[in-house]
Amino acid sequence: MFRRPVLQVFHQFVRRESEIASSLVLERSLNRVQLLGRVGQDPVMRQVEGKNPVTIFSLATNEMWRSGESEVYQMGDVSQKTTWHRISVFRPGLRDVAYQYVKKGSRIYVEGKVDYGEYTDKNNVRRQATTIIAVNCC
């Protein structure tokens, strides 16, 4: 009489755990960014002791739109918003090409992924940084 409830609880637990495991295996996600813009500064190569070097540069993308009632006839004021992106290139071949050939003002295309990280600044304040990790560019 005690044995039956224990087996039922055990079977429910095993069933629940297997459902959770199977849902984790089947789930997919995507982290992809495509940017086309102008380089804001010449690339800089940095290396922290014990870690691989990285090439870093900034990229500006512009968004333009017309404000006003009649967009069909192209009347109204043109507004523009510039967004700056921090690009980091870790891949060895790509990192060297970006460092050598990308220059301030160049128009380039970057493919990569978004990375949110934290760092401590000179004043020991924790800051958050959004970076695009490039997997293809130039």
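Q: What makes a residue buried, partly exposed or exposed here?
A: Buried means under 20% relative accessible area, exposed means over 50%, and partly exposed is in between (1.4 Å probe, protein chains only). This is a predicted model, where local features need pLDDT of at least 70 and side-chain atom pairs count only at pLDDT 80 or more, while totals for chains, interfaces and linings use all residues. Residues are numbered from 1 along each chain as its sequence is written, and side-chain values use heavy atoms, with hydrogens and water left out.

Q: Why is Ser 58 called buried, and what does Ser 58 touch?
A: At 16% relative accessible area, Ser 58 falls under the 20% limit, so buried is the call. This strand β3 residue touches Arg 38, Val 39, Gly 40, Gln 41, Trp 84 and His 85, leaving aside residues up to four places away in sequence. Contact here means heavy atoms within 4.5 Å.

Q: And what makes Leu 36 partly exposed?
A: Leu 36, in strand β1, has a relative accessible area of 48%, so it lands between the two cut-offs. Not counting residues up to four places away in sequence, Leu 36 touches Thr 61, Arg 107, Ile 108 and Tyr 109. Leu 36 and Asn 62 are 26 residues apart in sequence, with 9.1 Å between their C-alphas.

Q: How do you know that the buried residues of α2 line one face?
A: The buried ones in α2 (residues 92-101) are Leu 94, Arg 95 and Ala 98. Down the helix axis they fall within an arc of 100°, so they line one face; the arc is that of the directions from the axis to the C-beta atoms. The general rule is that an α-helix has 3.6 residues a turn, so residues three or four places apart point the same way. Pro 92, Gln 100 and Tyr 101 are exposed on the other side. What covers the buried residues includes β2 (44-46), β3, β4 and β6.

Q: What makes a set of residues a nonpolar core?
A: The members are buried Ala, Val, Leu, Ile, Met, Phe, Trp, Tyr and Cys residues, joined through side-chain atoms within 4.5 Å. The largest has 15 residues, and Phe 57, Leu 59, Ile 87, Val 89, Ile 108 and Val 110 touch the most other members. Elements giving two or more residues to this core are β1 (33-39), β3, β4, α2, β5 and β6. Beyond four places in sequence, the contacts of Phe 57 include Val 39, Ile 87, Val 89, Ala 98 and Ile 108.

Q: What makes a space count as a pocket?
A: On a 1 Å grid over the protein atoms alone, a pocket is an open set of points where a 1.4 Å probe fits, with protein on both sides within 12 Å along at least five of seven lines; lining residues have an atom within 4 Å of a point. The largest pocket holds about 340 Å³. Among its 13 lining residues, Arg 86, Glu 118, Tyr 119, Ala 129 and Thr 131 are closest to its centre. β5 gives the most to this lining, with four residues.

Q: Which residues line the second largest pocket?
A: Arg 46, Gln 47, Val 48, Lys 51, Asn 52, Val 54 and Phe 90 do, around about 240 Å³ of space.

How values were computed
Grid points are joined across faces, edges and corners, and a volume is the space filled by probe spheres set on the points.
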